[in-house]
Amino acid sequence: MTRRLLYGIPLMLGVTLVSFMLMVYFGPDQTYELLGKNPTAQQITEVRHSLGYDRSFVVRYVGYLKEVVTLNFGLSASSGESVTDILKRTLPVSLALILPGFVLGNLLGLGFGMLTAWYRGGWLDKWVMTASVVGMSVSFLVIIIVLQVLLCTPYGLNMFPVRGWQVHDIGSWLYYVSVPTLALVLVTLGYNTRFYRAVMVEEIERDHIRTARIYGASPFSIMFRHVLKNSLVPILTRVMYSIPFVVVSGSLLLESYFGIPGVGLVTFNAITSGDQPVLKAVVSLTGILFVLVMLVTDIFYKWVDPRMLRS
Amino acid sequence: MHKLFLLIFIMACLLLGACGKGDDVAQAPLKTYRHSMDHAPGSLDPAQTSSIYANFIVVNLYDTLYRYKYLARPYQLEPNLATTLPVVSDDGLRLTIAIRKGVYFIDDPAFEGGKGREIKAADFVYSIKRHFDPETRAQGAWLWQGRIEGLDDWQTQGSDYDQQISGLRAIDDYNIEITLTRPFPQLVHTFTQGYSAIVPREAVEEYGQGLGNHPVGSGPFKFSSRNSSHAIMAKNEDFRKVPFDLEHEGYNAATQGNLGLESLQGRYPPFIDQLVIEFISEGAARWNSFSAGEVQFIKVPVVNFENVLSSVSPITLRPELADRYHFDATPEAGFIYTNINMADETIGYNEDEDRNQRNHALRCAIVKAFDWKKNNDVFFHGIGQVFPGIIPPFSSEFQADANQDYIERDVEGARELLQQNGWNSENLPKITYGITNTVTEKQVFEQLRSFLTEIGYPPEKISPLIFASFGDYYRAYSQGKVTLINTSWTMDYPDAENTMQLFYGPNASPGANSSSFNSPEYNRLYEATSGMAESPERTRIYRQMNQIVMDECPSITGITRTMLFLWDKNVHMLPDRSFLGGYFMRFVDMTAGDVTTQ
């Protein structure tokens, strides 16, 4: 564990260096966003100075590392709000928004993957695979807008809100999260089904599965006790490594179109406006999240496949 | 297998923990008005309200000395925190402004004992000084730069707030005296803007840059909360009691008689308990949200114009919508235009007189190639107002019967001009066209390229320069890296002086004159009119300046967008997004049927 953590340090340094160069050093310049009309050269210099743009690369990068270590990213250059407060406020919202769709999308994908793998080549397999391709081909944006019209407006069922996030309890949460969840499930289900099917098909063709079939084991027993169990490593890899993306950027379109104040929307606004304190915080946290995910995934690997512990 | 279920259980726990955090909106029955805006504002510090979105909110949270009358069109100045319009000396250089007594900032921990104190004249002086303090990172200094005696020197001397300024001082607690370096008739207009809103020094010192997220003002509303999708404000119960006077606000029964405003007479604004402003940049989501009744006002996205209008001339709402909503079609206070970089010697000014002449012909050929009708039809549903030059329809100096040659497409004329001046596909210079990274702007570029191709410009010589943000784009064209600068101007006050300065030489990039146009005659006339208030003589000169711009062809200009507003029938208001802007919020009222219980 300690060794893994130590491995994480150079990884974090690499991530912060690359992200600092791309997003901060060579990223959007906020000077001109902050200037008034008819600025003088002196005003331009003053704003650049106040943003720290006139400092050397090394000084700025070291300052950035210090912020990462202390987790103090200062105030948002756009709104003046503490970046820590922004993240505290938005991360739980994004999690509450994304997790149901993420979990459901994966569980349904897993279910369809198992079904289609078992009935490989049959009509069910063909229908599900065709539907998956269709699902993968439709733009997320189109899905969102169509669902909004069908479920949230008087032109359709008008059962759910188009926008907003006034969540106080499970009931209100379900009210606001249902349509975004449905959109997320629809857009991810095709990818998930195809991936899980491929994993299952590979496992189902192994000798021990054929042996189990010959011995007359039930399909349920074969799929859940042998195929699924032995496929957990690639499944875990896919699920776990999706988490940083899901938390930070996966919710961007949903948050934007459903007016949900999560971290994806904050990140998007920070990118377009060049709000570097927010960008630095998000990029760093994504990096940290990746390292943590790597560590946890490693533990899970050993848990689901004890051979890895021995190796 | 139990391990898989354990994993699922862990995720479910995370989820339940997360959904405990919610956005807390008021629980009690409230008269809540929900307004939609097409962008989110940045900081709510008055010193940083450069966007119309931030300005819209700031004037509801803070007080300014002046505002515009709610219903009068053309716009008329109206005292807000001031008691009357300024008393101006005969030479136009000294203004005295009295402010209301007994107006208090809202309660806030920044004040001693947490109790809001009375606003004094010194607070206004302090608020203007902040724009000249580099620490503030303010955006409004340009309004007063070089105009108020001693203010620029105060900055160069170190921005010490305890140091007096000769031209900006509080005579006593309720009187302000301003001394100008030269007459500036538009000064009072600048005191209607969010930039000039009055902030207490205690709050600035307490919150610093955080003031942008912790407003402490004396406006009709108090800040409750804000996130990336909305802002919530509550009625300021202690807002000064000034009864609403329909006639005084410029009511016109013929055009405004159906808005339900009569019931406001004699009552004390603000009339609603809670103001929620939703930031919805996606047009489809904004329209769906409005259709579902989640917001009560919408600036209709252009893509929805077709579904909303039954005719464009005259602009008429579809009957089924007219039954449900109030409707207003109003020109935007500003215009869209494409500047040609005059500092680029391949197309702008050139020291070689012959090349200079040829460049002039090239620019005019480009102007002739532009098809405003197609541009209007494709991007503005044909209801934008195309006009020649730089005096938009919003200004009183606008000349409706002006010669339209400058905006008439003339492909043959353009080709001829190129040919006569020795231009051909081989020697035409490469052109870059600056845009931010949106689909619409890319389409605008492609349309322009097709127009230029028709006059013989090789398409491979016209390329887009795409920028991730407006800031990056602004930097690039300010540094002369863009040939054709696709831009727009939103007027700061209802006076054409605000657009005439767009082509004044000393305002060249990075200033507002992004074409870096520099005509000695234009500059001379601009300076000659700088102290003049609106008058027939000034109008005559402005039109002469407009002609100079058109003769020199530094810009493909222009079009004023027409905005369509829809709002619920039971919301009684006349919305505005121009100079009155957010000031109308204090006058919004709703009938009982619209009171929302949350």
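This passage walks through a predicted model, starting with the contact of chains A and B and moving on to a helix pair in chain A and the strands of chain B.

The contact takes in 62 residues from chain A and 52 residues from chain B. On the side of chain B that touches chain A, the elements giving two or more residues are α1 (2-18), α8 (283-291) and α15 (470-478) of chain B. The most comes from α15(B), which gives six residues.

Within chain A, helix α7 (residues 140-152) and helix α8 (residues 170-204) make a pair worth a look. Their axes come within 10 Å and cross at roughly 140°, and this makes α7(A) oblique to α8(A). The crossing in which α7(A) passes α8(A) is right-handed. From α7(A), the residues that meet α8(A) are A:Phe140, A:Ile143, A:Ile144, A:Leu147, A:Gln148, A:Leu151 and A:Cys152, and their counterparts in α8(A) are A:Val179, A:Leu182, A:Ala183, A:Leu186 and A:Val187. Eleven residues of this contact are nonpolar and one is polar, with no charged residue.

Attention now turns to chain B. The parallel sense is found between strand β18 (residues 431-436) of chain B and strand β19 (residues 462-467) of chain B, which pair over six bridges. One pair of bridge partners here is B:Thr436 and, in β19(B), B:Phe467. To get from β18(B) to β19(B), the chain crosses through helix α14 (residues 439-454) of chain B, and this β-α-β crossover is right-handed. Strand β18(B) also pairs in the parallel sense with strand β20 (residues 484-490) of chain B, over two bridges. There, B:Tyr433 has B:Leu484 in β20(B) as its bridge partner.

Strand β12(B) pairs with strand β22 (residues 562-568) of chain B in the antiparallel sense over three bridges, and the bridge partner of B:Lys299 in β22(B) is B:Phe565.

Note on methods: Residues are numbered from 1 along each chain as its sequence is written. Chains are lettered from A and ligands numbered from 1 in the order in which they are written. This is a predicted model: local features need pLDDT of at least 70, side-chain atom pairs count only at pLDDT 80 or more; totals for chains, interfaces and linings use all residues. Two residues are in contact if their C-beta atoms, placed from the backbone, lie within 7 Å. Helices (H or I, at least four residues) and strands (E, at least two) are DSSP runs, numbered from the N terminus. Axes are lines fitted to C-alpha atoms, for helices over the stretch in contact, and angles run from 0 to 180 degrees between N-to-C directions. Angles under 35 degrees count as roughly parallel, over 145 as roughly antiparallel, 65 to 115 as roughly perpendicular and the rest as oblique. A crossing is left-handed if the near helix is turned anticlockwise from the far one by less than a right angle, and right-handed if clockwise. Ala, Val, Leu, Ile, Met, Phe, Trp, Tyr, Cys and Pro count as nonpolar, Asp, Glu, Lys and Arg as charged, and the others, Gly among them, as polar. Two strands pair if DSSP finds at least two bridges between them. A crossover is right-handed if, with the strands pointing away from the viewer, the path from the first strand over the helix to the second runs clockwise.
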